[in-house]
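Dear colleague,

Please find the structure below, followed by an account of what was found in it.

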Protein chains: 2
Amino acid sequence: MNESRILARWIVDSRWEELPPAVRHETKRAFVNWIGNPIWGARDVVMERTLAALDPFSGPREAALLGRPERIDPFKAALINCAASSIADYDDTHLETVIHPTGPAASALLALAERHRMSGPEFLHALALAIEVECRVAKALAAAPARVNVAWYMTGVVGGIGAAASAGRVLGLDQDRMLNAIAIAAARAAGSRETHGTMAKNLVAACAAEDGLFAAFLARAGVLAPEAPIEGKRGLGVLVADGADYTAMTAGLGQSFELMRNAYKPYPSGIVTHAAITGALELARDHAPAPEAIRAVRLTVHPLCLELCGRRAPKDRIEGTFSVYHWVAVALRDRAIVIRQFSDATIADPAVIAVRDRIEARAEPHYRRDEAEIELTLADGTILRRHVDHAAGAFERPPSDADLDAKLADLVEGVLPPARGQALRNLCWRLDDAPDAAAILTEAAGAR
Amino acid sequence: MNESRILARWIVDSRWEELPPAVRHETKRAFVNWIGNPIWGARDVVMERTLAALDPFSGPREAALLGRPERIDPFKAALINCAASSIADYDDTHLETVIHPTGPAASALLALAERHRMSGPEFLHALALAIEVECRVAKALAAAPARVNVAWYMTGVVGGIGAAASAGRVLGLDQDRMLNAIAIAAARAAGSRETHGTMAKNLVAACAAEDGLFAAFLARAGVLAPEAPIEGKRGLGVLVADGADYTAMTAGLGQSFELMRNAYKPYPSGIVTHAAITGALELARDHAPAPEAIRAVRLTVHPLCLELCGRRAPKDRIEGTFSVYHWVAVALRDRAIVIRQFSDATIADPAVIAVRDRIEARAEPHYRRDEAEIELTLADGTILRRHVDHAAGAFERPPSDADLDAKLADLVEGVLPPARGQALRNLCWRLDDAPDAAAILTEAAGAR
């Protein structure tokens with residue numbers, strides 16, 4: 001039996017009650033970490049334009065948009081909610097593969113929740129399966145000797161497969177149809193990092209969410225697809241990585257969980273910037289240097305930090321996501337990171353730019369991706385230095401449930417009424433007792 | 001100015017009247033060659049299932065389905081019509097890159113034709129631009145020293161870019177927005193050949209058609225995208241081919257036309273099988289050997305023929321598309337190829353199988369892709385041999401306009417009433433005088 005079929009069988013046969021309690025709790029944490037993002041992003045200009053383009057083509061308006069009053073058809077809801085969730089780059093990251101697994105699957109599930117009644121546990125279970133599948137497929141590809149070409153936006157590559165898995169589970173696909181759903185999604189897997197720093201970046205994960213629904217419904221209708229869509233001779237695997245290790249798709253399946261190695265971003269910027277930001281915040285909180293007294297900042301980071309997030313002078317907040325210089329400057333000036341700093345105004349703030357322009361960064365190939373060092377030279381000659389072994393939010397330094405609660409509160413503030421924000425947080429943590437997952441949408445959709 | 005922007009500028013600035021007459025006529029030929037395919041394919045099981053899955057989600061039913069009575073929203077019409085057009089693998093092929101360029105663009109245009117009034121020349125012009133763009137982008141990628149990984153289904157990779165170009169032209173995008181449309185489509189470019197031999201193959205070009213519309217409408221709404229989506233450091237190019245020659249995207253643009261090197265399939269099978277089929281038909285017509293008298297058949301073909309179409313014992317007509325053995329056997333038995341032979345019954349016909357099982361094939365690396373040799377050994381010891389320098393339908397042996405007319409007539413027979421089929425053929429050849437391209441749909445949609 002090939003790896004894709006083993007995955008399909010697991011998705012179909014798995015039982016929520018049989019997942020380890022830690023995995024079930026971690027799935028809730030992944031969802032709490034994520035759900036604030038599309039609500040916050042719902043009022044973004046990217047969303048306004050995407051919705052303006054797609055709304056005239058909407059089918060039956062069976063699905064809510066998060067943080068917005070409009071309703072739209074499920075395929076477009078999946079796409080739009082997922083796009084919104086990726087705008088601030090503040091969701092989750094499976095560090096080994098740098099994918100953001102929750103968005104495509106959670107968006108596909110929420111788009112279905114009003115159409116196909118599912119309980120809270122059924123929702124969480126489908127989400128857990130999808131996250132696990134996405135991480136495992138990405139891990140198989142990332143295991144190639146030459147690694148994956150950094151130009152691939154891997155969330156786009158595996159996100160549709162995860163979304164198909166979750167939607168397929170909710171639709172009750174049998175093993176053959178589940179495999180077809182995976183295969184149809186794999187045939188549409190796409191995404192390049194050239195989009196990063198532009199609005200189009202947010203479409204990559206978004207399209208994966210829609211593709212997953214598409215794949216699940218087509219598979220349900222009996223559209224047949226290849227038996228080995230990822231690991232086959234001309235499958236997705238050989239397109240993405242030369243020499244992928246497909247055994248990673250299935251090794252220890254149901255016993256060990258990549259989902260437990262999914263990290264939650266503490267800052268709305270590329271994950272590879274987080275170690276440097278952690279160091280900057282620690283120095284700023286411990287020593288409170290006046291921003292204007294900072295003469296020079298030296299960063300030492302993993303090469304991928306500069307490769308992916310090395311923009312020196314971002315022109316707007318989207319480009320800012322990919323600038324370690326910008327976010328370290330914000331951390332040093334404000335001594336805290338909250339979502340309202342993710343703005344064009346912050347990018348253009350002369351006080352931030354003044355600090356930013358005093359930062360030099362150097363790549364150190366021997367560093368881990370979540371490791372960094374920061375050295376400040378102050379006007380009086382004082383040198384402050386901090387070595388960060390693991391970034392905040394990394395596997396070794398996970399946020400507490402309370403941290404995730406605070407992040408969700410920060411993200412929904414000003415979008416949802418305070419009582420709704422609180423109700424949403426309570427509901428999310430108690431989702432495994434909820435009779436109907438659509439209750440999430442009652443709280444998370446914008447007032448009509 | 002980068003290559004993608006030069007393409008965008010050309011798409012926006014080009015004028016139909018300024019294209020060489022031969023190019024304008026060839027665009028009509030490409031359309032006449034193609035339009036029978038979705039009409040024929042409209043009653044296929046793949047279509048029934050795809051439509052059943054997607055119809056419940058249809059938005060405003062502003063677009064006709066070819067050969068069917070139903071109407072559906074334009075995005076889904078683009079997808080479904082293009083899927084139908086690829087079922088028999090009987091459309092066109094740009095031989096240098098093995099892409100089938102007309103389907104995604106023509107499907108996107110027809111999906112828009114009732115919503116955005118366009119004249120026949122506007123329709124043909126947008127189609128010409130799209131075909132040219134698809135072929136040029138594919139050529140740039142195919143120029144890489146290591147060639148393109150054969151696992152890529154290149155029509156999926158470039159089809160969305162072409163569809164975006166054609167839709168964007170009809171929507172009147174300016175240069176910046178046209179570039180964004182190309183970039184959004186490029187970010188969603190996808191497709192693996194592992195799908196070949198399954199229903200999912202037909203979704204690859206189909207999704208490209210839809211993606212092109214999606215990209216054009218999102219770009220029109222102001223969604224911004226990268227400036228160098230194909231040729232950029234992390235763009236589509238480096239994902240598909242190591243060392244692509246992006247100058248092929250623009251060299252001689254508006255002067256020399258890849259569209260003139262687009263071939264029209266004379267047989268409903270993979271293009272790489274056509275030289276062998278041509279030889280089989282020539283021997284069969286010239287010598288009329290009784291099928292049961294054929295003791296052995298030896299084929300010598302380009303390696304890609306066996307790589308892509310080397311299935312010895314196809315289990316159904318879809319797999320049969322990828323079997324040079326099957327189609328050479330059909331040619332030897334029936335001495336002609338028409339669309340009704342593309343059937344599961346033909347695949348299972350013992351008389352076909354008896355010939356098929358006597359065929360041996362050998363790859364000859366020095367052959368051109370459109371070159372083959374066939375040698376028959378008859379029961380009486382007679383040896384018949386034919387060397388085919390160029391397959392029928394190849395660039396050097398193009399079908400006449402009358403051949404294309406006969407192909408269209410063959411494809412629509414039994415789907416459209418005879419008078420409608422004739423009216424459609426007349427209209428297509430006179431499209432450059434038609435005031436409204438939607439007239440195509442009046443003839444080509446199924447009776448309601």
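B:Ser4, B:Arg5, B:Leu7, B:Ala8, B:Arg9, B:Ile11 and B:Val12 of helix H1(B) meet B:Gln175, B:Met178, B:Leu179 and B:Ile182 of H8(B); contact requires C-beta atoms, placed from the backbone, within 7 Å, and helices are DSSP runs (H or I, at least four residues) numbered from the N terminus. By class, this contact of H1(B) with H8(B) has seven nonpolar, two polar and two charged residues (Ala, Val, Leu, Ile, Met, Phe, Trp, Tyr, Cys and Pro count as nonpolar, Asp, Glu, Lys and Arg as charged, and the others, Gly among them, as polar).

The model is a predicted one, in which local features need pLDDT of at least 70 and side-chain atom pairs count only at pLDDT 80 or more, while totals for chains, interfaces and linings use all residues. Residues are numbered from 1 along each chain as its sequence is written, and chains are lettered from A and ligands numbered from 1 in the order in which they are written.

H1(B), residues 3–13, packs against H8(B) at an angle of about 120°, the axes being 8 Å apart (axes are lines fitted to C-alpha atoms over the stretch in contact, and angles run from 0 to 180 degrees between N-to-C directions).

Between the chains, 50 residues of chain B are in contact with 50 residues of chain A. H9(B) gives the largest share of the side of chain B that touches chain A, six residues. The residues on that side of chain B divide into 32 nonpolar, 11 polar and seven charged.

Yours sincerely

Terms used
Contact = placed C-beta atoms within 7 Å. Helix = DSSP H or I, 4+ residues; strand = E, 2+ residues; numbered from the N terminus.
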